[in-house]
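Trainee: Hi! Could you walk me through this structure while I have it open?
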Amino acid sequence: MKFFKDLKSDPIGKIASLQDERAIWIIMVVAMGGLVVVAHSLFQNYIYMAPCEQCVYIRFSMLVMALGGVIAAINPKNIILKIIGYIFGFYGAIIGMMYSLKLNSIHNAVHSEDPFGVQGCSFEPSFPFGLRLDIWVPDLFKPTGDCGYDNPMVPYGVSLSWLRQWFVDFYSEGWYLIPSLKFINMAQACFIAYAVAFVLLCAMLVCQIVKSKKA
């Protein structure tokens, strides 16, 4: 309750102070790193949703943000570490939103049967800075699926437990936040996550600048 009381009395000062606390940076690490773990462990390995090229790019951008959070959380009062955290955070969020928009456009094209809209999907990814992540960590970064198709593809002859079968059936028509309504696909959900993180980072940075000028 103290947080909301301070936020009400001095919103700029309180939001600015968040960047000097480890909690906000650790939240970024857990949120972005957790999404990658869930995508890889649950959706890819447990229910056989093969990642596409844009999907592995999204994983890369999320891990960039998580790394930025780790660096800043070492000592958030250190201006150098905090700047690095911001750079990684903003860079990951911006390219992540771009990848998400690209994947969403492909998803819409695929499901509208528009062959001219399906562009930007390859099994040979090209990561920023020439990183060969698909070779170094293939299980995490090598695309094995088609963009726009995120249905579970269970290998022939595999016997599923009742729980695993339930997940496969639940996402049988693709990944959606609410599959029965086809509400918010994977690309849109990722975009929202990036946008929320971007807004929070902007709010902290702007409030810090305003606070410094007032001081």
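Mentor: Happy to; we'll go through salt bridges, then a surface patch, then a pair of helices. Keep in mind that this is a predicted model.

Trainee: How many salt bridges does a search of the whole structure find?
Mentor: The search turns up three.

Trainee: Which residue does Asp 20 pair with?
Mentor: Asp 20 pairs with Lys 82, and their closest N and O atoms are 2.4 Å apart. Asp 20 sits in the loop between helix 2 and helix 3, while Lys 82 is in helix 5, so the bridge ties together parts that are 62 residues apart in sequence.

Trainee: Is Lys 82 buried or exposed?
Mentor: Lys 82 counts as buried, at 8% relative accessibility. Asp 20 is partly exposed, at 24%.

Trainee: And what about Asp 134?
Mentor: Asp 134 bridges to Arg 132, with the closest N and O atoms 3.9 Å apart. Asp 134 is buried at 9%, whereas Arg 132 is partly exposed at 40%.

Trainee: Where does Lys 182 come in?
Mentor: Lys 182 meets Glu 173 in a salt bridge, 3.2 Å from N to O.

Trainee: Switching topic: which residues make the nonpolar surface patch?
Mentor: Ile 79, Ile 80, Ile 83 and Ile 87 make it, and the patch covers about 390 Å². Ile 79 belongs to helix 5, which spans residues 79–111, and Ile 79 is exposed at 51% relative accessible area.

Trainee: How do helix 5 and helix 9 pack?
Mentor: Their axes are 9 Å apart, at an angle of about 155°. That makes helix 5 and helix 9 roughly antiparallel, and their crossing is left-handed.

Conventions: Residues numbered from 1 in each chain as written. Predicted model: local features only at pLDDT ≥ 70, side-chain atom pairs only at ≥ 80, totals over all residues. Heavy atoms only, no water. Patch = residues over 30% accessible without salt bridge, like charges linked within 9 Å, V, L, I, M, F, W, Y side chains within 5 Å. Areas by Shrake-Rupley, 256 points an atom, 1.4 Å probe, with all protein chains shown as cover. Salt bridge = Lys/Arg side-chain N within 4 Å of Asp/Glu carboxyl O. Helix = DSSP H or I, 4+ residues; strand = E, 2+ residues; numbered from the N terminus. Buried < 20%, exposed > 50% of the residue type's maximum accessible area, 1.4 Å probe, protein only. Axes fitted to C-alpha atoms, helices over the stretch in contact; angles between N-to-C directions. Parallel < 35°, antiparallel > 145°, perpendicular 65-115°, else oblique. Left-handed = near helix turned anticlockwise from the far one by under 90°.
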